[in-house]
Protein chains: 2
Amino acid sequence: MENKIRVGIVGYGNLGKGVRKAINQNKDIELEAIFTRREVSKVSENDNLMVHISKIGDFKDRIDVMILCGGSATDLVEQGPMVAEMFNTVDSFDTHAKIPSYFEKMNEVSTASGNLSIISVGWDPGLFSLNRLLGNAVLPNGKDYTFWGKGVSQGHSDAIRRIQGVKNGIQYTIPIEAALERVRSGENPDLTTREKHLRECFVVAEEGADKTKIEEEIKNMPNYFSDYDTTVHFITEEELKREHSGMPHGGFVIRTGETGEGTKQRIEFSLDLGSNPEFTSSVLVAYARAIAKMAKEGKKGALTVFDVPFGYLSSKTPAELRKELL
Amino acid sequence: MENKIRVGIVGYGNLGKGVRKAINQNKDIELEAIFTRREVSKVSENDNLMVHISKIGDFKDRIDVMILCGGSATDLVEQGPMVAEMFNTVDSFDTHAKIPSYFEKMNEVSTASGNLSIISVGWDPGLFSLNRLLGNAVLPNGKDYTFWGKGVSQGHSDAIRRIQGVKNGIQYTIPIEAALERVRSGENPDLTTREKHLRECFVVAEEGADKTKIEEEIKNMPNYFSDYDTTVHFITEEELKREHSGMPHGGFVIRTGETGEGTKQRIEFSLDLGSNPEFTSSVLVAYARAIAKMAKEGKKGALTVFDVPFGYLSSKTPAELRKELL
């Protein structure tokens, strides 16, 4: 094998750890360093790959692509442009409303520095976006639907945990099967928020807390729960740890449309994920490969998944892909 | 709107007719001419768009992309290189074993003529191939499965109709639900041919024909039926016309894999098509748009779906796509 693609990880939470595991599954990619803002000696996996982020500049000639594993809310808006001044980057920026401005910034910095960056990689935004685009392009006379879950929503879990008397809690978003079936039938229903998803909460109450009040407060919380049918289960901390410490997720992108004289057609893409961060990490690593190859060909600036031919995601040559997978 | 993309159709069977309908659904594309080998006055839809194929050279400056709608077995191997000498092309070449050599030929001709061609566009090869590639790239530690149907297999229907005593007939390939469920569960089963698909035949027998003999002959036909559980129903010609004149098809591409320490992940893509040729045509038209744009940017030679960023499939601008679909 020719030279491996040398990757760096910036940020070592669930996503960064997932990227490390994903790199291990790809023989053409090697992990060069992991950059953290924490004191290196205090990171639990402290090993010879851990480097304090202040030394990132020393790695300019040693890393082909940096995978940015920070959160969108505060980390990426700062780290993205900072790292893109020195490296090709891949990130999973997912604040939908801010994607256009973040793209502009990353495009400006990457173009100026002569690097290549790709933003908003993962499954939504990411693979789901690709399928929305595909559905719209192939069936222009149609309608698309996205359902999420069954999976843990971090935002909704946080909202529960902020309620007085709640010690811990987790929230699952669950797509409603009857709505999925109506969509699949091709009737093109207009579905309300309540018709598409259920919300199921598992809550650990503090000793002596008023459970009825907690349940009411959850169910009536505007934006988060009041527009949904929500169920609340009170459980022990032990049960929460034992049964709800995975981070499953998934969902469905469905495009139903008509061709010719009313011929019904349906395209469906779905994910069933045992671990949301590990899957997102696997997508990031595949796109890191693409970015390394496209940068090598001289491409500069910022991209999204819409700009990357799938062939670049694979370690196989175009001739192998045509022979084996077409 | 700026100038429309001007498309020509070569070959006016089910696929060519589907392309005409699909173009009608896309405001940025217009149909310039339909080329046929038949005498123009004898084509039932004879209208001002019909042109005898011998005059195709006259349209060199009037057509941006030619969509080749002939069959793979004999038409495309001849027409592809012939048309690619003068035009950008899109075709649905689907003889898997011959894809590498056909690609080489089309690449050679298109490169020499300064045109851009894309081969093997449709859903399999095509959208299914893209999903096989994606699954392999994102979940390298995994296994992929393709199921076809429920849908009409032209090859198997033809095989039935060649049997003595058979007046007419049609064959449906049906994926076996139990096998799909085993795959979805992530157990990574090794499935035999018989476990994956059923074959269901609807046969119109000639008067006085020996139905028992016909049924036996179908069920024991090597390659086509003997490795499958096959059911045979005898029906009337009227019922065949009434109930089985659609051309439905579809199928499933499933990738199951593991990330990290045994975390199960699944990616699934499926199609449920009321009309196979109309859907394939819709895919061809979306890729014709992509080829027109890429050719305008100066790209030359031959491509497959693996080489085309999804963004090119849409009539929207990259900024619109980032804002609306990412």
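The lining of the second largest cavity divides into 6 nonpolar, 3 polar and no charged residues. Here Ala, Val, Leu, Ile, Met, Phe, Trp, Tyr, Cys and Pro count as nonpolar, Asp, Glu, Lys and Arg as charged, and the others, Gly among them, as polar. This is a predicted model: local features need pLDDT of at least 70, side-chain atom pairs count only at pLDDT 80 or more, and totals for chains, interfaces and linings use all residues. Residues are numbered from 1 along each chain as its sequence is written, chains are lettered from A in the order in which they are written, and side-chain values use heavy atoms, without hydrogens and water.

**Cavities**
- The whole structure holds 2 cavities of 30 Å³ or more. On a 1 Å grid over the protein atoms alone, a cavity is a set of points where a 1.4 Å probe fits but cannot get out; lining residues have an atom within 4 Å of a point. Points are joined across faces, edges and corners, and a volume is the space filled by probe spheres set on them.
- The largest cavity has about 70 Å³ of space. Its lining includes Leu127(A), Phe310(A), Leu127(B) and Phe310(B). α4 (127-138) of chain A and α4 (127-138) of chain B each give two or more residues. Helices (H or I, at least four residues) and strands (E, at least two) are DSSP runs, numbered from the N terminus.
- The second largest cavity has a volume of about 30 Å³. α10(B) gives the largest share of its lining, 3 residues.

**Second largest pocket**
- About 1,600 Å³ of space lies in this pocket. A pocket is an open set with protein on both sides within 12 Å along at least five of seven lines.
- Of its 46 lining residues, Ser72(B), Asp94(B), Asp124(B), Gln154(B) and Asn276(B) are the closest to its centre.
- The lining has 17 nonpolar, 22 polar and 7 charged residues. α2(B) supplies the largest share, 5 residues.
- Domain 1 (5-124 + 277-321) and domain 2 (151-246) of chain B each give at least three residues. These bounds come from an automatic or database domain assignment.

**Chains**
- Chain A has 11 helices and 14 strands.
- The C-alpha centres of domain 1 and domain 2 of chain A lie 33 Å apart.
- Chain A can be laid on chain B with an RMSD of 0.0 Å by a turn of 180° and a shift of 0.0 Å along the axis. That is the relation of a two-fold axis. Copies are superposed by least squares on C-alpha atoms of residues with pLDDT of at least 70 in both.
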